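Welcome to a short tour of one protein model. Please have the sequence and the 3D view open while you read.

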Amino acid sequence: MPLDQGVPPPFPSGFAAATIESAKEKKKQKQQQPAVRPAPGTSQLDVLAQAYKPEFYETVARIMALRQKYVEDRVIFVESREMQSLLLGLGARPEDFPRMQVVSNRLYHDPTLPFRRSRNGRFLIDFDSNSLRRLEFQPFTLTAEEDFKRHDSGQLRRFDEVQNELQLNSAFQALFAFKAMVLHGVATIHRPRLAYGANRWVCTLFNLRTVTTPDLVGEPALEGVHSDGVDHTMTTYLGSSNMAPNSAATFMHDMDETTGVQLDDVSPHHILARVQHRNFLDTLMIVDHERKHSLSPVYAVDETKEATRDMLIFFTRKPVDKTHVSGSIDSLRPHRDMPMEIPLFVPGSR
């Protein structure tokens, strides 16, 4: 499969000249556009307001070091204390951290999994405008062709939507700013039928609670070994209750591991790494089409009571073309009822 190296194919000289002029005009128009800013009177993230603070550039340098590790290892795991510091450096408000920790208390039943409560929302990371904005609701599907084998593979699923209490939270928005800075310009193996020429990324965000009861074991990845049908997957831990310390370990596998095999049956020589989200904001980021992953179940400390695990899952990929299974459900229109748009700061994106 081709690597996204940004090397243009040869064109006739006249076409190349026209293309260069067109690119110059687009760059000029982009420079003339006013920078996106959050809605006045809100407490949303405004990274541009950090521009005159020396510590902001220290934060950027630390994120760029993590990005380099991501380029080399195709996976990074950022622990709680480091991630909190980075988000504060990007402009997150400290009072928004505890608010994000309890947002999962208002999740609804999942459309296909009885041990899960869920919401989702769609967002656009737009490097033409250097902004993040909320997109309108669309159904969701993942297929076996995308290395996802489960009883609901290929099924059109409709989730309750993420609300303003999460999307307007500055710490949540800073997680998006972090992810945009890490993924920008990273070459990856291409998935079929994605528009890799676009300067934008579609992110489907899931807020999930996995629940184990005395009668039902909660499985963060019932599907076994899988990938998520995207280019970059990021998972962030929000909290848990009554969860045993041996719960929900994440294993990374090479692409030769069989999709759908359960964790107990994997080949040890295909396991590349193991991490475990334990503390608020522990965050894992994976090049999704180059690493498969699986998770162990959620176990209860007190088996007579419910155990829960709360996560944010960021599925990020290029827009799809019309022949993709999601070709008719990949709208880039803004959300009319719950609009949100904030600026992003990405080195080298202008």
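Which residues are linked with Arg150 in a network of salt bridges? The network joins Arg150, Asp152, Arg157 and Glu223. A salt bridge here is a side-chain nitrogen of Lys or Arg within 4 Å of a carboxyl oxygen of Asp or Glu.

Before going further, a word on the ground rules. This is a predicted model, in which local features need pLDDT of at least 70 and side-chain atom pairs count only at pLDDT 80 or more, while totals for chains, interfaces and linings use all residues. Residues are numbered from 1 along each chain as its sequence is written, and side-chain values use heavy atoms, with hydrogens and water left out.

**Salt bridges**

The structure holds 21 salt bridges. Side chains of opposite charge can pair when their charged atoms come close.

| Pair | N to O distance |
|---|---|
| Arg333 and Glu136 | 2.8 Å |
| Glu145 and Arg193 | 2.3 Å |
| Arg317 and Asp330 | 2.8 Å |

Take the side chains of Arg333 and Glu136, which meet in a salt bridge. Arg333 sits in the loop between strand 11 and strand 12 (341-343), and Glu136 in the loop between strand 4 (131-135) and helix 5 (164-167), so the pair ties together parts that are 197 residues apart in sequence. Helices (H or I, at least four residues) and strands (E, at least two) are DSSP runs, numbered from the N terminus. Arg333 is exposed, at a relative accessible area of 54%, whereas Glu136 is buried, at 19%. In these terms, buried means under 20% relative accessible area, exposed over 50%, and partly exposed in between (1.4 Å probe, protein chains only).

Glu145 and Arg193 form another salt bridge. Glu145 belongs to the loop between strand 4 and helix 5, and Arg193 to the loop between helix 6 and strand 5, so this pair ties together parts that are 48 residues apart in sequence. Glu145 counts as exposed at 56% relative accessibility, and Arg193 as partly exposed at 33%.

What about Arg317 and Asp330, buried or exposed? Arg317 is buried at 10% relative accessibility, and Asp330 is buried at 10%. Arg317 lies in strand 11 and Asp330 in the loop between strand 11 and strand 12, so their bridge ties together parts that are 13 residues apart in sequence.

**Cavities and a pocket**

On a 1 Å grid over the protein atoms alone, a cavity is a set of points where a 1.4 Å probe fits but cannot get out; a pocket is an open set with protein on both sides within 12 Å along at least five of seven lines; lining residues have an atom within 4 Å of a point. Grid points are joined across faces, edges and corners, and a volume is the space filled by probe spheres set on the points.

By this rule there are four cavities of 30 Å³ or more. The largest cavity has a volume of about 360 Å³. It is lined by 26 residues, and Arg116, Leu208, Pro220, Ile313 and Phe315 are the closest to its centre. Strand 11 supplies the largest share of this lining, with four residues. By class, the lining has 13 nonpolar, seven polar and six charged residues; Ala, Val, Leu, Ile, Met, Phe, Trp, Tyr, Cys and Pro count as nonpolar, Asp, Glu, Lys and Arg as charged, and the others, Gly among them, as polar.

The second largest cavity has a volume of about 180 Å³. Arg317 returns here: of the 19 lining residues, Phe140, Thr141, Thr204, Arg317 and Ser326 lie nearest the centre. Strand 3 (116-126), strand 5 and strand 11 each supply at least two residues of this lining.

Glu145 and Arg193 return at the second largest pocket, where they are among the residues nearest the centre, together with Glu146, Arg191 and Pro192. This pocket has a volume of about 150 Å³, and its lining divides into four nonpolar, four polar and four charged residues.

**Nonpolar cores**

In soluble globular proteins, nonpolar side chains tend to be buried together. A nonpolar core is a set of buried Ala, Val, Leu, Ile, Met, Phe, Trp, Tyr and Cys residues joined through side-chain atoms within 4.5 Å. The largest one has 50 residues, and Met100 and Phe178 have the most contacts inside it. Helix 6 (residues 170-183) gives the most to this core, with eleven residues. Leaving aside residues up to four places away in sequence, Phe178 touches Ile63, Leu66, Ile76, Val78, Met83, Leu86, Leu90 and Met234, where contact means heavy atoms within 4.5 Å. A second, separate core of 15 residues includes Val298, Ala300, Ala307 and Ile313.
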